[in-house]
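Open the model in your viewer and keep the selection panel at hand.

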Amino acid sequence: MQKSEGELKETKKQNFLFLALACATNCFVVDSILYPLDTLKCRIHYEMKEFTSLYNGFITLYQKEGLKRFFNGYSTVAASSFTSNFVWFYCYENLNKIFATFVKSEFKDSKYKDITYRMIPFVSGALGEIASLIFYIPFNIIKVRMQVGGEYSYSSIFHGFKDIYTNEGLFRFYKASHLFIMNNILQTGLQFTFYENLRKAAKEYRGADRLAVTDSLIVCAGTSALLNFFINPIDLIITRYQMANTNGNSGADNVKVRTILWNLLKNEGPIALFKGCSTRTAMTFFNMSLYIPIYDYIRYKYGFELN
């Protein structure tokens with residue numbers, strides 16, 4: 001009997017630990033492949049006058065600083081990407097199963113059952129993000145500063161940790177946490193909302209139960225464009241926030257989000273909020289193209305599915 005939408009489907013061999021390890025490894029590989037684009041994105045966000053576009057940014061960075069500069073801070077990827085993604089996938093799968101069991105039991109005859117089911121991935125993803133960001137944020141601030149360079153000439157992760165701890169204090173490693181949580185919750189929710197709706201529309205247009213690979217790539221491209229129209233301004237402000245030095249009174253003032261936003265709008269105009277959007281969209285598209293099919297397969301074999 002075919003399961004209706006909203007019903008639970010458990011795989012025969014659930015192994016969340018293996019799933020988390022496999023998906024974290026996959027994410028590490030994808031993040032490694034896309035790292036040069038991530039470096040370009042950070043440079044475009046922070047140095048808008050010199051890095052005006054993806055192509056211009058690539059040429060400028062390559063000519064002035066060489067190919068090696070694209071990989072500054074790469075040493076942080078293993079710690080930030082693998083560790084945080086392992087925590088996220090492990091939490092996400094377990095929380096999905098816990099919440100789904102609860103909803104199935106407590107909302108069995110409720111008219112809100114379907115909408116509650118639809119909220120489970122958002123809630124599980126948000127809580128998983130909070131847990132994973134504990135490991136991600138400290139490494140990310142070092143990564144961003146190593147990518148951008150300038151006054152921060154960290155030679156290694158340990159050098160970055162020591163410098164920030166000595167000059168700005170332990171709390172600086174987590175000072176962007178509220179921004180990261182907001183950004184990641186919005187990104188996860190919007191990404192899957194856009195993806196599922198575009199996927200449904202494409203299936204209806206084709207009159208097919210499953211999409212061809214080319215149609216899936218088109219859906220990923222549309223999802224990436226829509227997602228980053230909303231997320232890019234937040235990501236840009238986060239990059240500026242991460243680069244702000246909090247050492248001293250003037251630094252404390254500069255690191256306020258409203259001050260960063262006001263200065264950006266005053267000096268560079270509203271259009272500046274969308275600088276680097278093309279780079280970020282390209283990164284999202286490549287990430288989805290490489291990551292989603294593999295995750296879907298692993299989840300089908302070893303994870304917990306909500307249909």
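Select Asn26. Leaving out residues up to four places away in sequence, Asn26 touches Leu290, Tyr291 and Ile294; contact here means heavy atoms within 4.5 Å. Asn26 counts as buried because its relative accessibility is 12%, and buried means under 20% relative accessible area, exposed over 50%, partly exposed in between (1.4 Å probe, protein chains only).

A word on the source. This is a predicted model, in which local features need pLDDT of at least 70 and side-chain atom pairs count only at pLDDT 80 or more, while totals for chains, interfaces and linings use all residues. Residues are numbered from 1 along each chain as its sequence is written, and side-chain values use heavy atoms, with hydrogens and water left out.

**Next: the helix pair**

Helices (H or I, at least four residues) and strands (E, at least two) are DSSP runs, numbered from the N terminus. The axes of α1 and α11 come within 10 Å and cross at roughly 170 degrees. Axes are lines fitted to C-alpha atoms, for helices over the stretch in contact, and angles run from 0 to 180 degrees between N-to-C directions. α1 and α11 are therefore roughly antiparallel to each other, a label for angles over 145 degrees.

Now show side chains. On α1, the residues that meet α11 include Phe16, Ala22, Asn26 and Asp31. Their partners on α11 include Asn287, Tyr291 and Arg299. The contact of α1 with α11 divides into 14 nonpolar, two polar and two charged residues. Ala, Val, Leu, Ile, Met, Phe, Trp, Tyr, Cys and Pro count as nonpolar, Asp, Glu, Lys and Arg as charged, and the others, Gly among them, as polar.

**Next: the cavity**

How many cavities of 30 Å³ or more are there? The count is one. A cavity is a set of points on a 1 Å grid over the protein atoms alone where a 1.4 Å probe fits but cannot get out; lining residues have an atom within 4 Å of a point. The largest cavity has a volume of about 1,100 Å³, volume being the space filled by probe spheres set on the points, which are joined across faces, edges and corners. Select Asp31, Tyr136, Asn184, Gln187 and Asn287: of the 39 lining residues, these are the closest to its centre. The lining holds 17 nonpolar, 15 polar and seven charged residues.

**Last: zoom out**

The protein has 11 helices and two strands.

Notes. On a 1 Å grid over the protein atoms alone, a cavity is a set of points where a 1.4 Å probe fits but cannot get out, and a pocket is an open set with protein on both sides within 12 Å along at least five of seven lines; lining residues have an atom within 4 Å of a point. Angles under 35 degrees count as roughly parallel, over 145 as roughly antiparallel, 65 to 115 as roughly perpendicular and the rest as oblique.
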